Structures are given as structure tokens and as C-alpha cells.
Amino acid sequence: MEFITTQHMIEAVGWLAVAFKLATFSMNSMIWLRVLVILSSVCFIIYSAVFQIWPLLTIEVILLAMNAYRLYELIALRRLVTHMTDESETDFSTAMAYGKRRDIQAGDVLFEKGDPVDSLYYLAEGRVEIEGQDVTVPAGNIFGEMAFFNSSAERMATVRCVEDTVVYELNEKRFTRLQYEDPKFAMSVMRLVTKRLVANAAHAQEA
């Protein structure tokens with residue numbers, strides 16, 4: 001009787017592992033997805049160790065280590081972003097954890113009108129001027145996103161640094177990863193793009 005009870009418990013652990021694995025397909029948060037995958041691996045490790053299913057045990061131990069490390073990376077990035085976040089305003093500082101840092105001197109041109117589009121930028125320090133539009137972008141904002149979503153794939157204006165500037169460059173690959181792991185950032189970018197499109201349309205009608 002004791003053996004049957006133990007066997008039933010181990011089988012229950014196996015089914016629990018399956019349930020965790022299936023639940024991962026319904027997750028839209030990378031952190032919770034990693035958590036469920038880790039719990040699934042732990043259950044599969046117990047199940048395969050008891051029944052001596054060595055191939056399954058081996059792969060789940062490897063997956064457990066990999067996903068535990070990825071979870072650590074995600075939590076570390078989230079803590080960095082949380083530390084720098086001002087809840088009262090739209091925050092784009094997540095880009096600092098994903099983008100490539102560039103330090104640019106005052107007066108230098110970041111990109112010129114007509115240049116091919118390959119990135120959008122988060123302005124961490126300094127100010128930049130969008131020439132021909134009488135617009136200055138302060139720190140804490142993103143820019144270059146309009147052409148980034150334009151099918152023409154060409155810069156629509158020249159951007160020059162008004163003072164010493166630090167930007168974080170997000171190419172398409174980095175932006176895709178960021179919007180997948182942090183959908184709130186992607187939504188904030190979409191709202192900003194929509195807002196600027198409406199403003200440009202209104203300005204064109206007034207002119």
C-alpha cells in the first residue's frame with residue numbers, strides 16, 4: 001500500500017510537470033514564463049530520477065540551469081529599470097539595459113536627413129536638436145522612431161547634439177527583443193508614435 005501511494009505521488013509530480021509546461025504557452029511575461037519552465041524542470045527531474053529515465057533527467061537538469069540563469073538576468077534588468085523609473089511620466093529607460101551606448105560630443109551630427117534607418121535612440125544625457133523643425137529633445141526621451149517605422153526607411157531630418165550627449169542605440173533586433181520581453185515599453189513607443197503623427201498632421205493643416 002505504501003509503494004502504491006508513493007508511486008501515485010510521483011505520477012502526480014509528473015502530471016504537474018506537464019501542467020507547468022503547458023501553462024508556459026499562455027504566458028505573455030518572460031519572467032513568469034521562466035518561472036513556470038523552472039518549476040516544470042524541477043518536477044520532471046524528480047519524476048525521471050525516481051523512475052530512472054536518464055535522458056529526460058539530463059536534459060531537464062541542463063534546461064533548469066539555463067532558465068535559472070535567464071531568470072536571474074531578467075530580474076536584474078527589471079531591478080535596474082525600476083530603480084531609475086519615475087512612475088509619474090512615461091519611462092523609456094528600459095532601453096539602457098538593451099541598447100548600445102554611444103557618447104557624442106556637442107555639435108556632432110548623430111544622423112542626417114536621407115540616411116538609411118537602422119536604429120532608434122534613447123537619450124540618457126544631454127540634448128539633441130532636430131534641424132529644420134525647431135525641436136529640441138531633452139534627456140529621458142526617445143527619438144528617431146518615426147523613420148524607424150516608416151516604409152521609406154530614410155531619415156526625415158538631421159539630428160545634431162546641442163551638448164555632450166549619451167544615447168542608447170536600439171537596432172531592429174534589440175528593439176524586437178525589448179518589446180517581446182517588456183510589452184509596456186513597446187506600447188509606450190506606439191503611443192508616442194501615434195501622438196507625434198497626430199501632432200504632425202495638425203501642424204500640416206495649420207500650415
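Start by selecting Tyr-121 and Phe-143: both are buried, where buried means under 20% relative accessible area, exposed means over 50% and partly exposed lies in between, using a 1.4 Å probe and protein chains only. You are looking at a predicted model, in which local features need pLDDT of at least 70, side-chain atom pairs count only at pLDDT 80 or more, and totals for chains, interfaces and linings use all residues. Residues are numbered from 1 along each chain as its sequence is written, and side-chain values use heavy atoms, with hydrogens and water left out.

Stay with these two rings. How are the rings of Tyr-121 and Phe-143 arranged? Their centres are 5.4 Å apart and their planes are at 15°, so the pair is stacked. Rings of Phe, Tyr and Trp (its six-membered ring) pair if their centres lie within 6.5 Å; planes under 30 degrees apart count as stacked, over 60 as edge-to-face and the rest as tilted. The pair links distant parts of the chain, 22 residues apart: Tyr-121 is in strand β3 (residues 119-125) and Phe-143 in strand β6 (residues 142-143). Strands (E, at least two residues) and helices (H or I, at least four) are DSSP runs, numbered from the N terminus.

The whole structure has 6 aromatic pairs. Next, select Phe-92, Phe-175 and Phe-185, which form one aromatic cluster.

Now colour strand β8 (residues 165-171), where 6 of the 7 residues are buried. Two strands pair if DSSP finds at least two bridges between them. β8 pairs with β3 in the antiparallel sense over 6 bridges; Tyr-122, for instance, has Tyr-168 in β8 as its bridge partner. Strand β1 (residues 100-104) also pairs with β8 in the antiparallel sense, over 5 bridges. Here, look for Asp-103 and its bridge partner in β8, Val-166.

Move on to an open sheet of 4 strands, in the order β2-β7-β4-β5, with antiparallel pairing. Its edge strands, each pairing on one side only, are β2 (109-111) and β5 (135-137). From one strand to the next, the twist averages 30°, with axes taken as lines fitted to C-alpha atoms (for helices over the stretch in contact) and angles running from 0 to 180 degrees between N-to-C directions. Zoom in on β4 (residues 128-130) and β7 (residues 159-161), joined by 3 bridges. Which residue in β7 is the bridge partner of Ile-130? Select Val-159 to see that partner.
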